Amino acid sequence: MAAVSESLRAMAREALLHAGGRGFMRFAPSGGALLITDAPRHCGEEADRRRLCGALRTAGFLCREEGGLWMLSPDDALLGRLGAAWQEAPPLVDWDGLLEPAQELAARFLKEEPLPMSRSGRQLALEMLRLLWQDERRVLTGLDGIRARAAEMLREGDRSGMREAGACLAGWCKARVQAAKQEFVL
């Protein structure tokens, strides 16, 4: 599991539990939402549902109901905080390492200026988060799809979401490098 994706899941779960809610919190395999929870099914009254949804919004998640489930995605401010976290120390590219394609793409995306999120930019960042939930091999092979989406956006003059997607990828790279160092030491 990717540290960045797991931390977003933990943030949503913590907000839900802190507000007195309960239910599962899982990643959505595809589509617009990143996380799914059945918390509305455990609420007795409408006021409880509003309170829980408000707690999730305060934590930085957009919340929409569909079929008795809440579909959650990080809002623009939360995605922006991910980008800002990596502004000070962008990832170093190990040109001979296995993670070079991911590190290089993360570094390139992090050079972009923070911009208001367009629909395409938001989708790019969410697809990056969704990709990072996969195993390492799938992440590395899935980067071609992210590059293609980014190239299409650039042709349209849209650079939004790239910084945020790069920050998520940088976090994943850092977690993988740290895990490899620990394995080497053991």
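**View 1. Helix H5 runs roughly antiparallel to helix H6 in this predicted model.** The axes of H5 (residues 119–132) and H6 come within 10 Å and cross at roughly 175°. That counts as roughly antiparallel because the label covers angles over 145 degrees. Axes here are lines fitted to C-alpha atoms over the stretch in contact, with angles from 0 to 180 degrees between N-to-C directions; helices are DSSP runs (H or I, at least four residues), numbered from the N terminus. On the H5 side, the touching residues include Leu 124, Met 128 and Leu 131, with contact meaning heavy atoms within 4.5 Å. Sorted by class, there are nine nonpolar, four polar and three charged residues (Ala, Val, Leu, Ile, Met, Phe, Trp, Tyr, Cys and Pro are nonpolar; Asp, Glu, Lys and Arg charged; the others, Gly among them, polar).

**View 2. Helix H4 meets H6 too, roughly parallel this time.** Their axes come within 10 Å and cross at roughly 25°, and roughly parallel means under 35 degrees. Look for Leu 105 and Phe 109 of H4, and Leu 140 and Ile 146 of H6, among the contact residues. This contact has eight nonpolar, no polar and three charged residues.

**View 3. Arg 26 puts its charged end over the ring of Phe 24.** The distance to the ring centre is 4.3 Å; the cut-offs are CZ of Arg within 6 Å of the centre and within 35 degrees of the ring normal.

**Notes.** Residues are numbered from 1 along each chain. Local features need pLDDT of at least 70, side-chain atom pairs 80 or more, and side-chain values use heavy atoms, leaving out hydrogens and water.

Terms used: Helix = DSSP H or I, 4+ residues; strand = E, 2+ residues; numbered from the N terminus. Parallel < 35°, antiparallel > 145°, perpendicular 65-115°, else oblique.
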